[in-house]
Amino acid sequence: MSHPEYTTESHYIDGNPPKYKTYTLRNFRELPQIQKLTEEHQFAIEVVGSVLPFKSNNYVIDQLIDWDKVPDDPMFQLTFPQRTMLKDHHFNKMADVIRSGAGRDEIKKTANEIRMELNPNPAGQMESNIPHLDGKRLDGMQHKYRETLLFFPSQGQTCHAYCSFCFRWPQFVGIDELKFASKEADLLVAYLKEHPEVTDVLFTGGDPMIMKTKILKSYLEPLIEADLPHLQTIRIGTKALAFWPYKFVTEPDAEELLGLFKKVSEAGKHLAFMGHFSHPREMETPIVEEAVRRVRKTGAQIRTQSPLLRHINDDPNIWAELWQKQVEQGMIPYYMFVARDTGARHHFDIPLEKAWEIFQEAYQKVSGVARSVRGPSMSAGPGKVQVLGVTEIEGQKVFALRFLQGRNPDWVHRPFYAEYNPEAVWLNDLKPAFGEKEFFYQREMVNQQTQQGLSDFDERTVFDE
Ligand SMILES: *Cc1c(COP(=O)(O)O)cnc(C)c1O
Ligand code: SF4
């Protein structure tokens with residue numbers, strides 16, 4: 001494939017750099033495209049969007065969504081609330097409140113009541129993942145796997161648009177001051193100095209690429225300047241390439257941003273983007289191709305991941321195309337996730353057996369360079385568990401599983417087996433095969449928890465990166 005050299009100006013719209021504009025409940029009815037939907041449909045968006053996060057933007061709306069295919073269009077499904085994301089009784093409860101002409105406060109109160117029922121433990125990140133420094137909790141970090149520290153910069157806790165399956169809304173509130181950033185960066189460096197086992201820092205959110213270059217710099221520069229020999233890789237988990245690729249090309253601080261990436265690479269650190277792409281459409285516009293080229297030119301690599309979602313990408317051909325397009329553009333397919341517990345999970349989830357079939361069929365269609373991808377993987381309490389497949393052992397149908405990441409590194413890549421269950425959608429739906437009482441790692445999990453005095457261990461509320 002050969003590419004013309006694009007200039008920045010060639011991505012302008014009507015002679016100007018495109019301006020980011022968001023669409024939420026407040027203004028979505030103004031969109032000309034929305035006029036195609038019936039009033040009933042628009043009302044359903046309002047009802048569901050009052051409970052689940054809803055934010056789209058002009059790029060997603062004008063360039064990614066195919067409005068002729070709405071409501072089935074996968075990009076529409078990805079960023080617009082859908083009627084079936086709420087169970088009937090929740091939908092009706094909110095619909096009645098809105099119809100009654102209730103004010104903001106009452107809508108909010110009802111929304112929170114419903115949310116509590118969707119996920120009884122919304123902010124319940126596992127205590128055991130929160131690192132400490134000098135006896136103090138570091139709330140903006142999570143240290144679950146030995147080598148990798150998750151870092152949540154306080155100013156990166158929102159996104160350019162919200163994915164309808166994501167349930168991180170408790171996080172989606174930003175703090176807008178630079179001084180917080182520098183204080184956090186200091187704590188990050190201090191923690192890393194005490195933890196030479198950490199090779200990777202993963203910036204996550206929300207979406208860290210929501211931050212202006214100046215802010216991102218205030219996090220990255222101290223990290224480089226600290227000159228930590230054990231720190232090999234700085235990763236940034238982002239969906240900005242899919243949701244706002246102008247960030248890397250036409251935004252006023254885009255050049256400075258690319259310069260910052262280059263600086264990281266030149267400091268001898270591997271800069272790795274964990275790019276979230278859920279559908280091939282997200283990789284097809286000229287602007288995303290240009291953004292990918294420019295990011296890669298700085299020496300950074302882009303690895304890709306996405307959950308497997310009904311209504312959006314539950315088809316092996318979609319995944320094969322996704323991985324092929326990624327490889328073609330120089331990206332590295334990395335993880336396929338099983339959709340985890342979210343508010344609208346019943347709308348998106350896919351049985352594990354089906355997930356494995358989709359993964360396997362897609363994997364069989366692509367060449368070895370795209371087979372860097374691993375999955376389907378569940379990010380659960382004990383670790384990332386891959387479904388290797390359904391097989392038969394001594395006449396018994398079982399799931400073969402293994403850890404791709406484990407709370408204990410020693411668990412990784414040991415096959416283990418669960419009873420076949422065609423309805424299982426998550427690890428906690430599975431029982432050990434062959435009459436065993438527990439999975440091999442469970443004894444140890446319990447010990448760890450008891451040691452740390454944990455009470456309400458909920459493996460489904462762990463972040464998924
Ligand atoms: C996935 C994940 C990581 C990164 O794991 P890799 O396999 O190294 O990509 C780190 N922390 C948490 C909590 C994760 O879920
Ligand atoms: S999946 Fe990522 S980009 Fe999408 S809403 Fe959640 S945090 Fe934001």
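**Close-up views of helix packing in a predicted model**

**View 1. Packing of helix H4 with helix H5.** In this predicted model, H4 and helix H5 (residues 104–118) pack at an angle of about 175°, with their axes 10 Å apart; axes are lines fitted to C-alpha atoms, for helices over the stretch in contact, and angles run from 0 to 180 degrees between N-to-C directions. That angle makes H4 roughly antiparallel to H5, a term for angles over 145 degrees, while those under 35 count as roughly parallel, 65 to 115 as roughly perpendicular and the rest as oblique. From H4, His89, His90, Lys93, Met94, Val97 and Ile98 meet Glu106, Ile107, Thr110, Ala111, Glu113, Ile114, Glu117 and Leu118 of H5, where contact means heavy atoms within 4.5 Å. Sorted by class, the contact of H4 with H5 has seven nonpolar, three polar and four charged residues (Ala, Val, Leu, Ile, Met, Phe, Trp, Tyr, Cys and Pro count as nonpolar, Asp, Glu, Lys and Arg as charged, and the others, Gly among them, as polar). Helices (H or I, at least four residues) and strands (E, at least two) are DSSP runs, numbered from the N terminus.

View 2. Helix H1 (residues 39–49) is largely enclosed by the rest of the structure, because eight of its 11 residues are buried, that is, under 20% relative accessible area, with exposed meaning over 50% and partly exposed in between (1.4 Å probe, protein chains only). The buried residues of H1 are His41, Gln42, Phe43, Ala44, Ile45, Val47, Val48 and Gly49, and they pack against helix H3 (74–79) and helix H4 (88–99).

**View 3. Helix H10 and the elements around its buried residues.** Helix H10 (residues 286–297) has 12 residues and reaches 16 Å from its first C-alpha to its last, close to the 16 Å expected at 1.5 Å a residue, the expected span being 1.5 Å times one less than the number of residues. Ile287, Val288, Glu289, Glu290, Ala291, Val292, Arg294 and Val295 are the buried residues of H10, and the elements they pack against include helix H9 (254–266), strand E9 (270–276) and strand E10 (301–308). Just after H10, Gly299 takes a positive phi of about 100°.

**View 4. Packing of helix H11 with helix H13.** Helix H11 (residues 316–328) and helix H13 (residues 352–365) pack at an angle of about 45°, with their axes 8 Å apart, which makes H11 oblique to H13. The residues of this contact of H11 with H13 divide into eight nonpolar, two polar and two charged.

**Conventions.** Residues are numbered from 1 along each chain as its sequence is written, and chains are lettered from A and ligands numbered from 1 in the order in which they are written. In this predicted model local features need pLDDT of at least 70 and side-chain atom pairs count only at pLDDT 80 or more, whereas totals for chains, interfaces and linings use all residues; side-chain values use heavy atoms, with hydrogens and water left out.
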